Amino acid sequence: MSNDNKELREAIKNEVDSLICESHPQVCALRGSNPDACYNKIEEIIMSSATPNSIQTAIAELEVALGEI
């Protein structure tokens with residue numbers, strides 16, 4: 001993992017750890033059951049976007065996607 005990816009992963013972890021679970025219950029549930037999968041999915045959302053996404057936007061997108069499953 002490159003240094004940039006390590007920094008991104010750490011930033012994602014910090015943001016996910018500070019989530020208010022009432023606002024993001026699906027992401028919090030995923031974080032609780034499989035933190036690595038949670039971080040990976042957020043990183044995938046960020047990296048797959050044509051325009052730069054913030055970590056918060058990626059978390060919101062993941063919350064919506066998880067709610068649709």
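Predicted model: local features only at pLDDT ≥ 70, side-chain atom pairs only at ≥ 80, totals over all residues.
Local features need pLDDT of at least 70 and side-chain atom pairs count only at pLDDT 80 or more, while totals for chains, interfaces and linings use all residues. Residues are numbered from 1 along each chain as its sequence is written, and side-chain values use heavy atoms, with hydrogens and water left out.

Helix α1 spans residues 3-17 and helix α3 residues 35-48; helices are DSSP runs of H or I of at least four residues, numbered from the N terminus. The two pack at an angle of about 115 degrees, their axes lying 10 Å apart. Axes are lines fitted to C-alpha atoms over the stretch in contact, and angles run from 0 to 180 degrees between N-to-C directions. On the side of α1, the contact (heavy atoms within 4.5 Å) includes Leu-8, Arg-9, Ile-12 and Lys-13, and on that of α3 residues including Tyr-39, Ile-42, Glu-43 and Ile-46.

The model has 2 salt bridges, each defined as a side-chain nitrogen of Lys or Arg within 4 Å of a carboxyl oxygen of Asp or Glu. One joins Glu-43 and Arg-9, with the closest N and O atoms 3.1 Å apart. Because Glu-43 belongs to helix α3 and Arg-9 to helix α1, this pair ties together parts 34 residues apart in sequence. Both Glu-43 and Arg-9 are buried (under 20% relative accessible area, with exposed over 50% and partly exposed in between; 1.4 Å probe, protein chains only).

Lys-13 and Asp-17 also form a salt bridge, at 2.8 Å from N to O. These residues are 4 apart in helix α1, so about one helical turn separates them. Lys-13 is partly exposed at 32% relative accessibility, and Asp-17 is partly exposed at 40%.
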